[in-house]
Amino acid sequence: KNIEDLSHAEVAEILKVYVNRFNFLKTKGKVFIFCNQSLASGASLIHPHSQITVVPSGIPTETLSVQPVVNIVEQNNSFVSYCPDFSEWTYETWITKIINDKLQITNKSQILNFKDLNEEQISNLAKILQSSIQRLKRIHHSSPHYSKKPFGYNFYIYPYENWYLRIIPRFSERAGFELSTGIMVNSVSPEKAVEELRKMTI
């Protein structure tokens, strides 16, 4: 089954594996945790799977910084999902931690660091991850344009300080302009994306 079709407990178990493997590998280089779903996302295997890789620290890698929280889709006691203003992909959704005066975490280190997520936080992360993918799947299936090809997505976790999870729906392909210039074109504004995603009740 895909993540959006698993039980909440099963998604939480997947996230626990991510945390455990990160903690085991974190001293060996730069750790990357990601999931490619369907051939549309570039997956080389048909069955659902996640991957974790370690890149030697001396090799340059490009990773985005966590983006400001705007255009909120959903939130729970620990996390918020949102469509950043800069979104490069149609309906791109980010998940990050909540730290503010209204929802103050007693032990800040538990929520600031991916490696220290506790059971409750993993459970909340599982809920919002699964909900986000389910919303994206409903957008895909309801569109006569996007649904012409199978539903697919990538997500990755940046597991270091100011960590986040970024979901990239693969509703559209990069074309000549993007490939020749390196400039990403997003045909759906984040404001419109969040409006549509909120309507996709779970």
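Which residue takes a positive phi in the hairpin of β6 and β7? The answer is N162, with a phi near 55°, in a hairpin that has five residues between the strands. The model is a predicted one, so to speak of local features takes a pLDDT of at least 70 and side-chain atom pairs count only at pLDDT 80 or more, while totals for chains, interfaces and linings use all residues. Residues are numbered from 1 along each chain as its sequence is written, and side-chain values use heavy atoms, with hydrogens and water left out.

How confident was the predictor? That is what pLDDT gives for each residue, on a scale from 0 to 100. The protein chain has a mean pLDDT of 88, with 91% of its residues at 70 or more. Helices here are DSSP runs of H or I with at least four residues, strands are runs of E with at least two, and both are numbered from the N terminus. Over residues 101–110 pLDDT stays under 50, and the model has 14 contacts beyond four places in sequence for this stretch; a contact means heavy atoms within 4.5 Å.

Back to the strands, which pair if DSSP finds at least two bridges between them. β6 (residues 153–158) runs antiparallel to β1 (residues 30–37), joined by five bridges, and antiparallel to β7 (residues 164–169), joined by six. N154 shows up in both pairings: N36 has N154 as its bridge partner in β6, and N154 in turn has I168 as its partner in β7.

Next comes helix α3, which spans residues 119–142 and includes E119. (Buried means under 20% relative accessible area, exposed over 50% and partly exposed in between, with a 1.4 Å probe and protein chains only.) N124 touches N76, N77, S78 and F79, leaving aside residues up to four places away in sequence. The C-alpha atoms of E119 and K16 are 8.5 Å apart, although 103 residues separate the two along the chain.

Finally, α3 packs against helix α5 (residues 190–199) at about 100°, with the axes 9 Å apart. That makes the two helices roughly perpendicular, a label for angles of 65 to 115 degrees. R135, L136 and I139 of α3 meet E196, L197 and R198 of α5.

Technical notes: Axes are lines fitted to C-alpha atoms, for helices over the stretch in contact, and angles run from 0 to 180 degrees between N-to-C directions. Angles under 35 degrees count as roughly parallel, over 145 as roughly antiparallel, 65 to 115 as roughly perpendicular and the rest as oblique. pLDDT is the predictor's confidence in each residue, from 0 to 100.
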